[in-house]
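Student: Hi! Could you walk me through this one while I have it open?
Tutor: Happy to, ask away.

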Amino acid sequence: MKRRDFIRNTALAAPVLTLFPADLSSMVRMGVPGKLEKRALGKTGEMLSIIGFGGIIVKDATPAEASAMVKLAIDSGINYFDVAPSYGDAEVKLGPALEPYRKSVFLACKTGKRKKDDSRAELEQSLKNLGTDHFDLYQHHAVTSLEDVETILGPGGAMETFIEARKEGKVRFLGFSAHSVEAALALIDGYSFDTILFPFNFTTWYTGNFGPQVLARASEKKMGILALKAMARGPWPEDADRSKYPKCWYEPLTTPADITMGLRFTLSHPITAAVPPGEGELFKIALDVRNNLKPLRKSEVRAIKEKAMAGLPLFRYEGA
């Protein structure tokens with residue numbers, strides 16, 4: 001079978017995860033009084049805070065602002081930091097701010113390059129920007145199309161850089177982020193990745209049929225599962241004023257009650273951590289409600305489903 005046929009066929013054959021709230025009893029979890037809970041990251045042996053720090057938060061920040069935001073995260077119990085070269089100057093701002101804590105945190109980075117040579121150049125520049133000799137996790141960034149999957153996994157693709165960099169000690173674990181069900185499933189079946197970073201959101205789950213298939217397949221593979229868009233409400237309304245949240249390409253949840261609901265939905269699944277939007281104000285609210293992020297009770301599921309069904313999803317999946 002040709003690679004493209006394999007990718008296309010595997011992308012259409014995912015089981016559906018129907019049990020919710022999920023049974024988290026098999027997931028290693030560690031409570032830390034006054035700080036964020038930590039959960040096991042798949043088979044890696046790592047324990048990560050259930051809220052991550054998205055590096056875009058420090059985009060365009062002053063060095064003092066970046067240091068203060070990172071210190072707030074550390075003091076709240078965050079040990080998972082994620083950044084990418086596409087986030088403006090976030091790498092060069094995060095590196096110095098994170099330097100005092102580098103040995104005790106889990107640092108993830110990404111590349112949007114799909115070919116070997118381009119991804120190698122981006123990896124080396126990111127290491128330099130962040131002032132580190134290695135990344136704990138390196139990810140293919142925002143994979144959406146099956147054509148991208150084919151390029152990444154094919155001869156001369158970025159996967160060759162990932163494998164070589166791991167042998168060189170420049171990265172420890174390998175993963176990807178994806179914005180389509182088809183691409184995510186194809187990557188899961190195309191290589192034995194350690195992690196996946198994917199939009200798991202209450203509205204896309206219930207009204208877009210987007211997420212259950214990916215979570216089920218990743219769970220079968222015992223991958224470390226990380227979440228995007230837990231704090232998304234949906235697409236921006238056409239007449240919305242976006243100026244207050246310029247780093248959000250979607251309309252975010254903004255009140256403590258809604259943010260708590262969104263995070264609780266996502267973290268009621270066997271997901272290790274959720275990465276909030278890149279707006280500092282919303283990130284601080286997520287930290288403020290950290291003691292309320294208990295898994296949903298069955299009696300609460302109907303209400304959150306009704307709220308989801310009244311909204312519009314950011315993503316949809318039209319497959320089975």
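**A serine and its helix**

Student: Let's start with Ser-126. Buried or exposed?
Tutor: Ser-126 counts as buried, because its relative accessibility is 1%, under the 20% cut-off. Keep in mind that this is a predicted model.

Student: Which element does Ser-126 lie in?
Tutor: Ser-126 lies in helix α4.

Student: And what does Ser-126 touch, leaving out residues up to four places away in sequence?
Tutor: With those left out, Ser-126 touches Pro-85, Glu-91, Cys-109 and Phe-135.

Student: OK, on to the sheets. What's the strand order in the eight-stranded one?
Tutor: The order is β4-β5-β6-β7-β8-β9-β10-β13; the sheet is open and its pairing is parallel. At the edges are β4 (53-54) and β13 (273-274), each of which pairs on one side only.

Student: Where does helix α4 pack on that sheet?
Tutor: Helix α4, residues 116-130, touches β6 (106-111), β7 (135-143) and β8 (171-178). The direction of α4 makes about 130° with that of β7.

Student: Now β10. How many of its residues are buried?
Tutor: Five of the five residues of β10 (224-228) are buried, so the strand is largely enclosed by the rest of the structure.

Student: Which residues sit on which side?
Tutor: Gly-224, Leu-226 and Leu-228 are on one side, and Ile-225 and Ala-227 on the other. Both faces of β10 are covered.

Student: What about the neighbours of β10: how many bridges to β9?
Tutor: Five, with β9 (residues 195-199) and β10 paired in the parallel sense. Within that pair, Thr-195 stands opposite Gly-224. β10 also pairs with β13, in the parallel sense, over two bridges. There, the bridge partner of Leu-226 is Ala-273 in β13.

Student: Switching topic: what's the pairing in the β1-β2-β3 sheet, parallel or antiparallel?
Tutor: Antiparallel; those three strands form an open sheet in that order. The edge strands are β1 (29-30) and β3 (47-49), and each pairs on one side only.

Student: How many bridges join β1 to β2?
Tutor: Two bridges join β1 to β2, residues 38-40, and the two strands run antiparallel. Met-30 has Lys-38 in β2 as its bridge partner.

Conventions
Residues numbered from 1 in each chain as written. Predicted model: local features only at pLDDT ≥ 70, side-chain atom pairs only at ≥ 80, totals over all residues. Heavy atoms only, no water. Pairing = 2+ DSSP bridges. Helix = DSSP H or I, 4+ residues; strand = E, 2+ residues; numbered from the N terminus. Contact = heavy atoms within 4.5 Å. Axes fitted to C-alpha atoms, helices over the stretch in contact; angles between N-to-C directions. Buried < 20%, exposed > 50% of the residue type's maximum accessible area, 1.4 Å probe, protein only.
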